Amino acid sequence: MGRVTERRRTLRIRDGAVSSRADTLVAEEPLEIRLNGQPLAITMRTPGDDFALAAGFLVSEGVIAEGGEVQSIVYCAGATADGVNTYNVVDVKLAPGVVVPDITLERNVYTTSSCGLCGKASLDAVRTTTRHPVGDTPPVRVTPELLSALPDRLRAAQKVFDRTGGLHAAALFSEEGELLDVREDVGRHNAVDKLVGRALTDGRLPLSRAVLLVSGRASFELAQKAVMAGIPVLAAVSAPSSLAVDLAAESGLTLVGFLRGPSMNVYAGEHRIALEAGVH
């Protein structure tokens, strides 16, 4: 099985001085996800938490919504022609009675921004397909001060990033700011899927009282994953996309971008941001 990091020889040039040394890099390998034995998707990921990644991906696709809908997740033995197990192919077998949707590698559903489907149709599909609509009652309330402290807490928990500088991270926090879980991956969407998949297997979906923080930008894809998992608040240290803002407004998701120190922009769902009286 692939490792999280690998070593590569590099030529270092610093202020004119040249040296040779090994550098630690984040590993990147393909993961093929199969559903009931049939190929479904391939994603480039950092090895580790592969079962959670596969489960979270299926939550995002609307295939499953509860842990009991999964019978097993296994690495495929003999994944290569010569029978070698690469640990880069996983098969998710659904529990008896769970309907397998008609989705393929060319699927034309509500999925990621990378598939080319955009606009009102994709927004409607996510809103109508999720089995965990954002419905926190009473609404989660978080202060700007609490939100501003979360990036430092996430950064402190990024163990592999400290060694490579090349990983995205996603973290779940309670509404009181307690770190619940954190995952790292070369792809920010994979990091979120790993969080959601772990929550599924632990029986914690929907995540209706959680705050999701991502280390990069907030794309439509990440907003979709938050909505599909029932997460009411998504915060990002960088910018959101226009379609992510549209989806947040459509679904009731609170979307915060440019979360840097005490500064942030609230693009949707401002009713969950607890401001001081008289502050508008």
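Guide: Welcome! Rings of Phe, Tyr and Trp (its six-membered ring) pair if their centres lie within 6.5 Å; planes under 30 degrees apart count as stacked, over 60 as edge-to-face and the rest as tilted. This is a predicted model, in which local features need pLDDT of at least 70 and side-chain atom pairs count only at pLDDT 80 or more, while totals for chains, interfaces and linings use all residues. Residues are numbered from 1 along each chain as its sequence is written, and side-chain values use heavy atoms, with hydrogens and water left out.

Visitor: How many aromatic pairs does the structure hold?

Guide: There are two aromatic pairs.

Visitor: Why is the pair of Phe51 and Tyr75 called tilted?

Guide: The ring centres of Phe51 and Tyr75 are 4.9 Å apart, and their planes meet at 45 degrees, so the pair is tilted.

Visitor: What makes the pair of Tyr75 and Tyr87 edge-to-face?

Guide: The planes of Tyr75 and Tyr87 stand at 80 degrees with centres 5.1 Å apart, so this pair is edge-to-face.

Visitor: Why is Tyr87 called partly exposed?

Guide: Buried means under 20% relative accessible area, exposed over 50%, and partly exposed in between (1.4 Å probe, protein chains only). Tyr87 has 32% relative accessibility, so it counts as partly exposed.

Visitor: And what about Phe51, with its relative accessible area?

Guide: Phe51 is partly exposed too, at 32%.
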